[in-house]
Amino acid sequence: MVKTVDSILHTIAGKSVVQRDDSRYREYRKKWNEWPETYNYGEFPLHLDVEPTNACNLRCPFCATTYNKYTKGYMEEKIWKKILDEAGKNELYSLKFTFRGEPLLHKDLARMVSYAKDAGILDVYFNTNALRLDEATIRSLLDAGLDRISISFEGSTKEVYEKYRVGSTFETVVHNIETLKKIKDELGLKSPLVRIQTVLAPEIQGMEEQYAAFWSPIVDEVAYLDMKSEADNPDHRGIIYDWGCPMLWQRMTITWDGKILPCIHDIFEWDSFGKITDISIKEAWISSKEDHYRNLHRQGKAHEIQRCDRCPYRESEIRKLK
């Protein structure tokens, strides 16, 4: 069996937002852990990453969105409804409204969340820089039934934060996160669960306790992500190792214009199964093309797949195993 790891994120304080008492949620996380180990993938993904937009209001130096010349766009209602209708029909467990851009830039995000919850999706969430997370937006998301939210915030000082979150303002985002907690407390709500997470930049290494102390009173979980470059870096190429990516047995990604991708790390769209208007998610998931990718990973030959050979996640996870 090839080696697999799934350790992008590390909790340093609070309780992980993916540890819950609900029996169906525990069933979901059990499959999440077991399917890659047993090479099972069922009839439908466990999780979808759906991109409301690939536009962003910040220019973070470590993010692909900053450097790549994507055709910017916003998902149309007919596309997101088609996705969510199929997801609901197939009893999808989890959906994240994030891929490359800032989801709060989409005017219909709260409607998307509400529609997903009405479709029966268990865990609906998104990642955000929280610059647009004002009180009106917070209340609309609470009304929609959002289950959790992950907020990206480097460090706990203005200097470090604004160095990495270029275009944002420390005081504004801290205020927005505090407002989210205040409104939840006023309404007696536990959801959405809130995770604050930082990329472990050099200035933050060794300062994890300080970071946790700053954020723990405000959020449910404090975590960090391993720092990696999302650029098409030649250093990522040509690595031969018997490592299998767990994502092929867990999830798929859909871009703002409806393209179905096999992986959330396929940020350059090297591979596509076609658009949601031409092929269903289920057809893509059980297709011979996806099965070919899984077989290469099972055989330790992921380097033969162009997008995997260029994948910074694959490179970083192999480095941990060696």
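The exercises below, each with a worked solution, concern a predicted model.

**Exercise 1. Work out how helix α3 and helix α4 pack, and which residues make the contact.**

Solution. Begin with the geometry: helix α3, residues 77-89, and helix α4, residues 109-118, pack at an angle of about 25°, and their axes are 10 Å apart. Angles under 35 degrees count as roughly parallel, and α3 and α4 are therefore roughly parallel to each other. As for the hand of the crossing of α3 and α4, it is right-handed. Next come the residues themselves: α3 contributes Glu77, Trp80, Lys81, Leu84 and Asp85, while α4 contributes Arg111, Met112, Tyr115 and Ala116. Sorted by class, the residues of this contact of α3 with α4 are five nonpolar, no polar and four charged.

**Exercise 2. Describe the packing of α4 with α5, and sort the residues of their contact by class.**

Solution. The angle between α4 and α5 is about 10°, with their axes 8 Å apart. That angle makes α4 roughly parallel to α5. On the side of α4 the contact is made by Ala110, Val113, Ser114 and Lys117, and on the side of α5 by Ser140, Leu141 and Ala144. The contact of α4 with α5 accordingly sorts into four nonpolar, two polar and one charged residues.

**Exercise 3. Decide whether α5 and α7 are roughly parallel or oblique to each other, and list the residues that meet.**

Solution. Helix α5 covers residues 135-144 and helix α7 covers residues 170-187, and the two pack at an angle of about 45° with their axes 10 Å apart. Because of this angle, α5 and α7 are oblique to each other. The crossing of α5 and α7 is right-handed. From α5, the residues Glu135, Ile138, Arg139 and Leu142 meet Asn176, Thr179, Leu180, Ile183, Lys184, Glu186 and Leu187 in α7. The classes in this contact of α5 with α7 are five nonpolar, two polar and four charged.

**Exercise 4. Find how many cavities of 30 Å³ or more the structure holds, and describe the lining of the largest cavity.**

Solution. Rolling a probe the size of a water molecule over the atoms shows where empty space is left. The structure holds three cavities of 30 Å³ or more, and the largest cavity has a volume of about 110 Å³. The lining of the largest cavity is made up of Trp243, Cys245, Leu248, Cys263, His265, Asp266, His297, Arg307, Cys308, Cys311, Tyr313 and Arg314. The elements that give two or more residues to this lining are α11 (306-309) and α12 (312-321). By class, the lining residues of the largest cavity are seven nonpolar, two polar and three charged.

Methods. Residues are numbered from 1 along each chain as its sequence is written. This is a predicted model: local features need pLDDT of at least 70, side-chain atom pairs count only at pLDDT 80 or more; totals for chains, interfaces and linings use all residues. Side-chain values use heavy atoms; hydrogens and water are left out. On a 1 Å grid over the protein atoms alone, a cavity is a set of points where a 1.4 Å probe fits but cannot get out, and a pocket is an open set with protein on both sides within 12 Å along at least five of seven lines; lining residues have an atom within 4 Å of a point. Grid points are joined across faces, edges and corners, and a volume is the space filled by probe spheres set on the points. Helices (H or I, at least four residues) and strands (E, at least two) are DSSP runs, numbered from the N terminus. Ala, Val, Leu, Ile, Met, Phe, Trp, Tyr, Cys and Pro count as nonpolar, Asp, Glu, Lys and Arg as charged, and the others, Gly among them, as polar. Axes are lines fitted to C-alpha atoms, for helices over the stretch in contact, and angles run from 0 to 180 degrees between N-to-C directions. Angles under 35 degrees count as roughly parallel, over 145 as roughly antiparallel, 65 to 115 as roughly perpendicular and the rest as oblique. A crossing is left-handed if the near helix is turned anticlockwise from the far one by less than a right angle, and right-handed if clockwise. Contact means heavy atoms within 4.5 Å.
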